[in-house]
Amino acid sequence: MDKPVGMFDRDYEWSALTRFITDEQPGATLGVVSGRRRQGKTFLLDAACRAAGGFYFGATEAADAESLRRLSAALTAHARPATPYHFADWSEALDALLALGSERPTSVVIDEFPYLARANPELPSLIQEAFRPMRDQRTTSRTRLLLCGSALSFMGRLLSGNAPLRGRAGLELLVRPLDHRLAAEFWEISDPALAFKVNAVVGGTPAYRREFARGDTPAGPEDFDDWVVRTVLNPETPLFREARYLLAEEPDLRDSALYLSVLAAVADGNATRGGMAGYLERKATDIAHPINVLEDAGLLHRDSDAFRDNRATYRISEPLIRFYHAIMRPVWDQLERPGSAARVWQASRRRFVSNVLGPHFEQICREWSLHHADPDLFGGLPARVGHGVVHDSKARTGHEVDVAVIGIADGGKPPLLAIGEAKWNDTMGIAHVERLRHIRDLIAASGRYDTTRTRLVCFSGAGFNDKAAAQASASPDVHLIDLPALYGRS
């Protein structure tokens, strides 16, 4: 199948769908496609169906009987049978979908599947029965059925534990947001600093440029502030309320006020369960459930401490939600009044740097270390990249490590390939390098990791002074990574 000319990237996803859809082996197969809203799942699947001559059905929030009527009409229009379809139940409908693949591999997409399952909770079990291994309707079919949904909490449970469809799927495809490099290319921004700031606001969600911002891209670094004012902070644009809608669209998030408060606590720098509980003036046990639900929904991400067991921190996964809670929600009443955006943004600049750009830069540095950095830089392939706090018993303090690159353990202690410090707005110097050296000594004394080859890495969005550059030139274990390097432009 040829990928549509207008589709940006998604080469991996298109290849996976192509292999699944065109598989010639006998027997109907099931696939599951998920991902947060606005990532282009519908465009991707609709294009795949068109390329393969398959059938696409987009479900809506409706009663079960209405959805069956809509499916009957859509399949009638697609297949043009001698008599129109009038499905009495989903078992009959599923057999008709399996019959589409009686002669050749045929793609069938049911988009927004959670809507159907919410109206009829038995639907996953009915699909399980339809795909029973020795069932004639399955063995004589080569239908490639793809179930798609944006409700990550629901889609995550679809194939887990004792769920009816566990073990039935031959494809599990997660459509992720574009990473920072692809997002810069998608937004057609060549300046790394501008690309990073835009990414810190809207992340890598494709729809935010094309549909939500109507193609409005900052003309240059000097246009960034005006762009924020006329797009994200403008009550006339869809981006203005998008962060609220993302939360409301998750079916498992019932007490929206509590979930909003948990996210606000994290956006304000309260990254631990205890910190969130203190911010909300509640017991830690009281917020365990909303934290778990937000994790399942893909809105909150749990990071284990790389240096301390049983300690974790949380971060907001979607940049636009973090921007909303850090910048917009505290002054929402002002922003709703037309013409107030410029005044609010001017007063929020310092908070934007500390609560949005700083944390986002640290996360970009971790992702770059894991996915983009040359393994030779670290002396090995990273197994995982995290962060954490190293305890200094003599000084009775803790040292935060923004980037901890951990290698593959071959029977012994895991090698700590590198530790790093990330500063978005600071020009880094020799003091930052010496701090990392001291932390490396503390880690070595703890005995948790093999630190014999641990590199020291400084990440900066503002650059490095001459002393830091001289140290990097003289010491093979010291590396300086600037913003162009993070974007592959150095």
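Residues are numbered from 1 along each chain as its sequence is written. In this predicted model, local features need pLDDT of at least 70 and side-chain atom pairs count only at pLDDT 80 or more, while totals for chains, interfaces and linings use all residues; side-chain values use heavy atoms, with hydrogens and water left out.

**Figure 1. Overall view of the protein, with 24 helices and 12 strands.** Helices (H or I, at least four residues) and strands (E, at least two) are DSSP runs numbered from the N terminus. The radius of gyration is 25 Å, close to the 23 Å that the globule rule gives for 490 residues, so the protein is as compact as a globular protein of that length. This radius is taken over C-alpha atoms, and the globule rule is 2.2 Å times the number of residues to the power 0.38. Along the principal axes, the C-alpha atoms fill a box of roughly 80 × 60 × 50 Å. Of the 490 residues, 52% count as buried (under 20% relative accessible area; exposed is over 50%, partly exposed in between; 1.4 Å probe, protein chains only). Among contacts between residues at least 6 apart in sequence, 66% join residues at least 24 apart, where contact means heavy atoms within 4.5 Å.

**Figure 2. Close-up of the crossing of helix 14 (residues 256-267) and helix 17 (residues 319-328).** The two axes come within 9 Å and cross at roughly 85°. That makes helix 14 roughly perpendicular to helix 17 (65 to 115 degrees; under 35 is roughly parallel, over 145 roughly antiparallel, the rest oblique). Axes are lines fitted to C-alpha atoms over the stretch in contact, and angles run from 0 to 180 degrees between N-to-C directions. From helix 14, Leu260, Leu263, Ala264 and Ala267 meet Ile321, Arg322, Tyr324, His325 and Ala326 of helix 17. The residues of this contact divide into seven nonpolar, one polar and one charged (Ala, Val, Leu, Ile, Met, Phe, Trp, Tyr, Cys and Pro are nonpolar; Asp, Glu, Lys and Arg charged; the others, Gly among them, polar).

Figure 3. Arginine 38 has a positive phi of about 75° although it is not a glycine. Most residues other than glycine have a negative phi. With 22% relative accessibility, arginine 38 counts as partly exposed.

Figure 4. Phi of glutamate 281, a residue other than glycine, is positive, near 55°. Glutamate 281 counts as exposed, at 73% relative accessibility.
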